[in-house]
Amino acid sequence: ATEVRTAKAVAQASDVIITMLRDDTDTGELVLGNGGVVEGAKEGSAIVMMSTLSPAFCRKVADVARAKSIGVLDAPVTGTRLRAATGELGIMVGGDKSLLERCRSILETMGKIIYCGDLGMGQVAKLVNNMALMINLQGAYEAISWGIKNGADEKLLVDLMKTGTANSWVVQNWDFVKSMNVDPPPVTFYLGAKDLEYALR
């Protein structure tokens, strides 16, 4: 790898530029701002946005990039750092199928691709996933807390739920989930609130 100092310089040296930043604002600054990716990207190159972003923002980036004949995919991921470490993320891709095929070998080094449809549909699928996760998270915490308050053992409850109809990713990864329950919460906690805001919009 060769280090360069700006997003524009990265784009000038690359055929495929991948971003994974916090939100629409940070991604917009990097991709569309002065000295950004679009300024440096070559005709025929591709921008793959792997953050969880709003579908409308992804379409805005694509509109700007299209004027320079730059392709855009949205490709948010699921699986947390547990699956990122093993290259087993779920990657929800929206955008042109032929552009996805050009980028497939790169994305497959990170995980399994699920093609979701037109640009922005990767984000719709990711927001659905995150809404369901947060509902499951709150439901599991509420139920297990109620059980503990009524004298049940936490480990027994979690083990039971893993084998019963209350099973979920949250329950299967309970120790990891609990490690996030600290005060103050980790930065990633606030990403969930951001994702729900995008869904509400």
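Predicted model: local features only at pLDDT ≥ 70, side-chain atom pairs only at ≥ 80, totals over all residues.
A search of the whole structure finds two aromatic pairs. In one of them, the ring centres of Tyr 141 and Trp 174 are 5.2 Å apart and the ring planes stand at 50°, so the pair is tilted. Tyr 141 belongs to helix α7 (residues 121–149) and Trp 174 to helix α10 (residues 174–179), so that parts 33 residues apart in sequence are tied together by the pair. Tyr 141 is partly exposed, with a relative accessible area of 22%, whereas Trp 174, with a relative accessible area of 5%, is buried. Trp 169 pairs with Phe 176, the ring centres being 6.2 Å apart and the planes at 85°, so this pair is edge-to-face.

Helix α2 (residues 24–32) packs with helix α4 (residues 55–66) at an angle of about 5°, and the axes of the two helices are 11 Å apart. Because angles under 35 degrees count as roughly parallel, α2 and α4 are described as roughly parallel to each other. On the α2 side the contact is formed by Asp 24, Thr 27, Gly 28, Val 31 and Leu 32, which meet Phe 57, Lys 60, Val 61 and Val 64 in α4. The residues of this contact comprise five nonpolar, two polar and two charged.

Conventions
Residues numbered from 1 in each chain as written. Heavy atoms only, no water. Axes fitted to C-alpha atoms, helices over the stretch in contact; angles between N-to-C directions. Helix = DSSP H or I, 4+ residues; strand = E, 2+ residues; numbered from the N terminus. Parallel < 35°, antiparallel > 145°, perpendicular 65-115°, else oblique. Contact = heavy atoms within 4.5 Å. Nonpolar A, V, L, I, M, F, W, Y, C, P; charged D, E, K, R; others polar. Phe/Tyr/Trp six-rings, centres within 6.5 Å; stacked < 30°, edge-to-face > 60°. Buried < 20%, exposed > 50% of the residue type's maximum accessible area, 1.4 Å probe, protein only.
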